[in-house]
Each structure stands twice: as structure tokens, then as C-alpha cells.
Amino acid sequence: MKFLFILSSVLLLSLKCDSTGDSLINNPTRNTTVADIISEKLFNELFPTRNEFYSYSAFVKAITEMGHVKVKVVRRAVSVYQITRIDKSTGKSVIVRQDEDWNEDWAKKKADSAYVIDYGKFCAEKELQTNKKELAAFFANIAHETRHGQDGQYNDGLMFIHENNTSLMYTADNDTYPAVKGKKYYGRGPMQLSYNGNYGYASDCIFGNKNVLLNNPDLVETDSVIAFKTAIYFWMTPQTYKPSSHDVMTGKWQPNVADKAAGRAPGFGMTINIINGQVECNKGEDTYSMNDRIGFYRYFLKKLGVSNPDCACSCAKMKAY
């Protein structure tokens, strides 16, 4: 896939120099951080009507603190997990989850699959242009999830802190991450994190303790740094049958035979399938929500000064997971 690197006045304002004094223009292949890509000024320009809860400083702090975290996930059978959380700043490793059936003979006989999630690679694993594409895709999805308005200008993202209907519990049976009595797990934060299973898994990865968010789901709508951390968690963390959006946008994920038969292919459309495929994918090209995400993506690509004409943006013919 080829990319056209467009330098605009907005982009030039956001570029920073590395410790040697060389700008990203002179070193276009070096790895970049999100702070290299987007300044506070540009962030505010991208989200001019945002709720003040979603500040640039909270976003950068969330990225910085999550950057100290790595998680090793080992899976036996289909859904028997052991999760080890590593604090990169101290080197300390702690098993934060080991499912009850982990040491059962039938589980041991199944081949293990293992992978490491390095949250420090959020929009920072590849060269500048790929990192920009990933950030544009992340922004497109959180903007759609939190928008308030349909004026087609794509300036109304990051407005909702939680979903409108807060009467629903959003609980599901989950032995590992059981819902706490009286707590509601409706959509909160930039990615509208929902259901007790996601709150518990996010809490294990972010804090090393599932109970922090299971017991206090309101933290995602009262602490803006935690809110952004849950969005980064969701973006970076594969699910049982789904790759992470990060792996899709960085080219690490490639479809297997079953994925190809289901019409799944690398590109922005796969991120829609991962996040809300049951509602938005395999329903034709006229699906409003899918097209809204695509519109946001193209808008943010332009604002970040990068082109992606072969974006595989649609999931109209992709089967959901």
C-alpha cells in the first residue's frame, strides 16, 4: 500500500523535532509518538465542540501512563485465559487473571496461543504515515461513538461522556468478570465501553485489578484520563475471535481462510467490524453509521496531512463476528 505524504500548514504546526534537532520531515521513517503527530492546538481544532471533559492533557497522560503497561495473554482451548500484566517502568510482572479451568487436563491438552499487547505502541509502532493513519482511524471511531449532531461537517466528536439511555444495566453472565449488584455498565468514555466483561477486562489491563472498574464503572465518566485509557485498551486488545484494531491498522493482522470467506480484509472497514460489526457491517453500502465512521476517517486523514486512497473503508460486505 502506498501513501501520499501531504504537507499542509496545519501539519507543519504540529511537527516537532527529536532530540537531535532533526524534524520528522527529515526523518520520515523514524518511529513517532502521538505527541509528535498532534499538538494541543490541532487536537482542539479537530474537536472544536468537544466536551471539556475530553482534554488534550488527559489524552496525552492516558497514552503516557498506558505506555508503561504490557500484557501477555496465553489462551488454552477457546476461552481459558492466563493474563500477566507487566509494568515496564519497574519490570514487575503479575498474573492478574488465571481462569478456573487453566490447569484442567482437557485444557492443558489444547494448544496454547500467546501474544503480547504493548500499550506503548498505540499509534507509535510504525513510521509517521502509518501512525497517522492509525490515529485517524482511532479518532474516527471515537468521534462517531460520541458525536452529537449530523451536519456532515465532522466537527462534533467527543461530545457525549456516556450514552443517552443510562437506565439499562448492560450486564451479562460472566464468571471471570461478574457484574456487581446495583452497578450499571452502559456505554461510557470515548469508545463507549459497555458490559461488565469489558469493564473487568479493561480494569485488569489498566490497573492490574478487575475490581477497580467492576466496582466503580462511573470512573469512566468522571475521570477523563481513565476514560481515554479504556478507549486505548479497547483499540489495542484483541478479543477471542477478533484481532485488535491496532493490529489491523498497522498491517500486523492478515485474514485467514475463514476471514477471506467472510469478506474480511485489512483496512479501516475491519475496525468498524471489530467495534460494531453486528449492527453496521454486511448490510450494504447505505448504512448510515458505517458511512459516518468512514466520513470521519477521511476527514481526519486530511487534517493530519496523510492520504489513504486504498483504505478498504467499507464493511458493507463483511460478515460480523
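User: Among contacts in the chain between residues at least 6 apart in sequence, what percentage join residues at least 24 apart?
Analyst: The model is predicted, and its chain holds 14 helices and 4 strands. Of the 321 residues, 51% count as buried. For contacts between residues at least 6 apart in sequence, the share joining residues at least 24 apart is 64%.

User: Which residues of helix H4 are buried?
Analyst: Helix H4 spans residues 56-66. Its buried residues are covered by elements that include helix H2 (34-37), helix H3 (40-46), E1, H6, H7 and helix H10 (224-236). The buried residues themselves are Tyr56, Ala58, Phe59, Ala62, Ile63 and Met66.

User: How many nonpolar, polar and charged residues does the contact of H4 with H10 have?
Analyst: On the H4 side the contact uses Ala58, Phe59, Lys61, Ala62, Ile63, Glu65 and Met66. On the H10 side it uses Ser224, Val225, Phe228, Lys229, Ile232 and Tyr233. By class, the contact of H4 with H10 has 9 nonpolar, 1 polar and 3 charged residues.

User: Are H13 and H14 roughly parallel or roughly antiparallel?
Analyst: Helix H13 (residues 268-280) and helix H14 (residues 288-303) pack with their axes 10 Å apart, at an angle of about 155 degrees. Angles over 145 count as roughly antiparallel, so H13 and H14 are roughly antiparallel.

User: How do the residues of the contact of H13 with H14 divide into nonpolar, polar and charged?
Analyst: The crossing of H13 and H14 is right-handed. From H13, Phe268, Ile272, Ile275, Asn276 and Glu280 take part, and they meet Ser289, Met290, Arg293, Ile294 and Tyr297 in H14. The residues of this contact divide into 6 nonpolar, 2 polar and 2 charged.

User: Which side chain makes a polar contact of 2.8 Å with the side chain of arginine 97?
Analyst: The side chain of arginine 97 has a polar contact of 3.4 Å with the side chain of tyrosine 177. The contact at 2.8 Å is with the side chain of aspartate 99.

User: What is the phi of alanine 77?
Analyst: Most residues other than glycine have a negative phi. Alanine 77 lies in the loop between strand E1 (69-76) and strand E2 (80-87), and its relative accessible area of 24% makes it partly exposed. Its phi is positive, near 55 degrees.

User: Where is tyrosine 170, another residue with a phi near 55 degrees?
Analyst: Tyrosine 170 is a residue other than glycine with a positive phi. At 22% relative accessibility, tyrosine 170 counts as partly exposed. Its place is in the loop between helix H6 (128-145) and helix H7 (196-207).

Note on methods:
Residues are numbered from 1 along each chain as its sequence is written. This is a predicted model: local features need pLDDT of at least 70, side-chain atom pairs count only at pLDDT 80 or more; totals for chains, interfaces and linings use all residues. Side-chain values use heavy atoms; hydrogens and water are left out. Helices (H or I, at least four residues) and strands (E, at least two) are DSSP runs, numbered from the N terminus. Buried means under 20% relative accessible area, exposed over 50%, partly exposed in between (1.4 Å probe, protein chains only). A polar contact is a pair of N or O atoms within 3.5 Å; within protein, one must be able to donate a hydrogen and the other to accept it, and residues adjacent in sequence count only if both atoms are side-chain atoms. Contact means heavy atoms within 4.5 Å. Axes are lines fitted to C-alpha atoms, for helices over the stretch in contact, and angles run from 0 to 180 degrees between N-to-C directions. Angles under 35 degrees count as roughly parallel, over 145 as roughly antiparallel, 65 to 115 as roughly perpendicular and the rest as oblique. A crossing is left-handed if the near helix is turned anticlockwise from the far one by less than a right angle, and right-handed if clockwise. Ala, Val, Leu, Ile, Met, Phe, Trp, Tyr, Cys and Pro count as nonpolar, Asp, Glu, Lys and Arg as charged, and the others, Gly among them, as polar.
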